[in-house]
Amino acid sequence: MIRQLMLAQLRVMFREPGVLFWVFGFPILMSWILGIAFSGEGQKNLTLPWVGPDTYLAELSQSGQLSKEEGGWRMEVWGPAKEVLHFKAMEDSEAQTWVRRGRAQLIASFDGTQLHLQLDPKNPEANATFHLLKNGLENQTLELQIDPITTQGGRYVDFLIPGLMAMGIMNSCIWGIGWTLIEMRMKKLLRRMVATPMPKGALIFSQFLNRLVVSTIELSVLFAFAWGYFRISLVGSLLALLALIIAGNIAFAGLALLMACRTSSTTVGSGLVNLTTMPMMILSGIFFSYQNFPEWSWPYLSNLPLSLLADGMRAIIHEGAGLAQVAYPLTALTATGLLCSFLALRVFRWY
Amino acid sequence: MREAVIELKGVVKRFGPLLACDHLDLTLYRGEYVGLLGPNGAGKTTLVEMIEGLQKPDSGEIKIFGKTWSQASKELQGRMGISFQETRFFDKLSVEETLRLFSSLYGGGNERIEKVLGQVALKEKRKTYTVNLSGGQRQRLALGLALLNEPEVLLLDEPTTGLDPNSRRDLWEILQEIRTQGTTLILTTHYMEEAETLCDRILFMDQGKVLADGSLSELLTSMGLTEMIQFELDQPMDKTSLPLELKNLPFELEPGLKKGQVRVEKVIESLPAFLHWIEERGHILKELQSRRMTLDDLFVSMTGRGLTEDD
């Protein structure tokens with residue numbers, strides 16, 4: 001009996017191609033992607049901003065621990081895996097921007113006696129970098145001074161909140177529009193509605209407006225919480241933020257339409273939802289910066305819709321960006337949404 | 001002069017190698033209650049969906065109120081009421097809210113909703129979520145949606161499939177009441193009884209063709225013999241020993257020759273002679289039934305298959 005029960009369940013599982021992907025393909029794919037991000041595979045480029053004169057670095061290079069390279073200094077760290085740290089001299093403001101955008105988690109400077117390291121102690125990546133650096137400086141008799149980052153913009157939670165807001169818009173559209181349409185098609189409800197004199201555009205537009213209202217409320221609540229609890233305030237323009245929310249909704253409404261344009265099976269549908277949202281949740285720098293991936297991939301990753309939206313939100317909320325500064329993400333998101341909608345509606349299955 | 005409401009000329013629809021509609025010519029008139037009957041895959045749903053504008057014929061022409069779908073789709077949608085084989089609604093929307101939504105899609109307000117709720121007997125369920133409705137209530141709601149725009153043509157695709165006999169009869173009653181408003185009804189069904197009860201015109205479909213077209217009595221009399229005797233004997237029957245007045249009747253015997261049936265013009269005339277013959281031969285009658293012929297019998301005699309059989 002147990003054997004037949006198991007056989008029946010296995011048969012059902014193996015006859016569903018989508019399940020096979022999620023059981024076997026997806027974990028491999030995930031470990032591969034995350035492996036690239038977090039292992040030394042492909043030479044991880046950890047670059048630390050160095051603020052102030054680099055005379056100290058030159059001094060260190062004489063003891064052989066550092067070597068000069070183009071645009072900065074390079075330190076090889078002895079350990080189970082040979083890792084390389086790069087130091088790049090820059091202004092303090094630029095260094096702060098690096099941290100806010102998740103490009104670096106640690107800023108180093110030297111005041112003549114102490115090596116100052118600015119980092120958010122609650123950020124695991126910053127801690128890892130710190131230990132790496134400490135290993136590299138092992139035989140230096142040197143005082144390390146840790147300056148915790150507590151101002152808005154540099155903390156991990158500052159990185160996280162705008163990303164979560166962007167993800168909220170994505171999920172709201174993908175589920176609220178994409179999934180709903182698939183379900184309506186499966187129930188033949190879509191077909192029944194299209195058989196009335198209702199203009200088809202009215203259905204799509206009402207869904208878009210709904211998402212806009214819902215996600216605006218959702219984001220306001222999330223932001224109010226972040227303001228009250230983490231003291232995150234809006235540095236940039238509210239108008240730009242609202243515009244970005246609209247553009248984000250256009251982009252993801254378009255993607256949702258494209259995702260839902262043919263299928264009437266909720267099994268395929270849930271696979272499609274995951275296929276759309278999962279890669280972006282990992283690659284778009286929501287929980288950790290996409291700058292953990294190889295450098296050649298940054299231009300691509302930064303142009304994913306979710307990356308555009310999240311980076312834009314960070315720029316407005318923490319860096320004080322206004323409409324002009326987010327013109328590119330606004331345009332790119334709107335264009336993506338319109339293009340996807342156009343394609344989707346050309347092949348859309350209404351019946 | 002009867003007013004033609006729906007006209008089909010040479011309509012062909014193929015799905016791959018399958019011919020779902022094979023050069024159909026058909027005219028339906030205002031106020032007619034038309035039953036489309038046939039086994040699964042006969043082409044009923046395809047035909048209905050082409051009339052509804054949900055599918056396009058490969059060739060031929062369909063006109064409704066003298067207009068084609070490409071000419072006047074919005075107008076036609078507004079003048080038709082339709083219900084599919086199986087529609088589900090928004091789960092957590094109540095009956096009344098669902099009606100209100102669809103009323104707005106037809107460009108109407110809420111003034112018809114009370115009337116429709118009454119017509120489909122769902123007044124007590126108005127606040128119930130659609131997901132909690134029974135099968136019969138759900139079909140009545142689907143019919144309610146179809147009635148919202150006071151349609152001149154009502155197309156119902158298997159409105160009672162899967163319902164218990166009581167719910168089925170409830171739905172028939174509703175449809176009989178609407179009849180007085182001059183609505184044209186096209187209904188597909190597997191159930192002969194449904195067509196016999198509701199429809200004044202019956203179309204038999206099989207393999208994309210209309211095999212027969214007429215009222216129930218027309219169809220039955222077209223066969224000449226309208227009544228039927230079914231019997232079972234204790235031993236094989238020898239047809240050659242039948243008396244003259246029974247010999248020429250179309251006896252159909254099952255293998256084993258004990259069980260069979262015969263179509264006759266009048267049971268009252270043929271049965272005494274048949275019983276007399278049985279007694280004379282010393283047979284024992286194990287089962288005897290006589291009845292009017294039904295659409296089912298008619299369909300079997302035309303196609304050699306039952307209506308509810310799958311092909």
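## Interface between chain A and chain B

In this predicted model, 15 residues of chain A are in contact with 21 residues of chain B, contact meaning heavy atoms within 4.5 Å. The two chains bury about 1800 Å² between them, and 63% of this area lies on carbon and sulfur atoms; buried area is the accessible area (1.4 Å probe) that two parts lose on being put together, summed over both. Lys187(A), Arg192(A) and Pro197(A) account for 38% of the area that chain A buries against chain B, more than any other three residues.

Two salt bridges are counted between chain A and chain B, a salt bridge being a side-chain nitrogen of Lys or Arg within 4 Å of a carboxyl oxygen of Asp or Glu. Lys187(A) pairs in this way with Asp91(B), with the closest N and O atoms 2.8 Å apart.

On the side of chain A that touches chain B, the elements giving two or more residues are helix 6 (156-186) and helix 7 (189-194) of chain A. Helices (H or I, at least four residues) and strands (E, at least two) are DSSP runs, numbered from the N terminus. Helix 7 of chain A provides the largest share of that side, five residues.

## Sheet of chain A

Seven strands of chain A form an open sheet in the order 2-3-4-1-5-6-7, with mixed pairing; two strands pair if DSSP finds at least two bridges between them. Strand 2 (66-69) and strand 7 (143-148) of chain A are at the edges and have a single partner strand each, so one side of each lacks a neighbour in the sheet. Neighbouring strands are turned by 30° against each other on average, direction ignored. Axes are lines fitted to C-alpha atoms, for helices over the stretch in contact, and angles run from 0 to 180 degrees between N-to-C directions.

Strand 5 (residues 106-110) and strand 6 (residues 114-119) of chain A run antiparallel and are joined by five bridges. Ser109(A) has His116(A) as its bridge partner in strand 6 of chain A.

## Sheet of chain B

An open sheet of four strands in chain B has the order 11-12-10-13 and antiparallel pairing. Its edges are strand 11 (251-253) and strand 13 (285-292) of chain B; each has a single partner strand, so one side of each is left without a neighbour in the sheet. Here neighbouring strands are turned by 15° on average, direction ignored.

Seven bridges join strand 10 (residues 227-233) to strand 13 of chain B, and Gln230(B) has Gln289(B) as its bridge partner in strand 13. Helix 10 (residues 267-281) of chain B packs on the sheet, touching strand 10, strand 11, strand 12 (259-264) and strand 13 of chain B, and its direction makes about 15° with that of strand 10.

## Salt bridges in the whole structure

Over all chains, 25 salt bridges are found. One of them joins Arg101(A) and Glu319(A), the closest N and O atoms being 2.7 Å apart. This pair links distant parts of the chain, 218 residues apart: Arg101(A) lies in the loop between helix 4 (92-100) and strand 5 of chain A, and Glu319(A) in helix 12 (residues 305-319) of chain A.

## Basis of the values

Residues are numbered from 1 along each chain as its sequence is written, and chains are lettered from A and ligands numbered from 1 in the order in which they are written. Local features need pLDDT of at least 70, and side-chain atom pairs count only at pLDDT 80 or more, while totals for chains, interfaces and linings use all residues; side-chain values use heavy atoms, with hydrogens and water left out.
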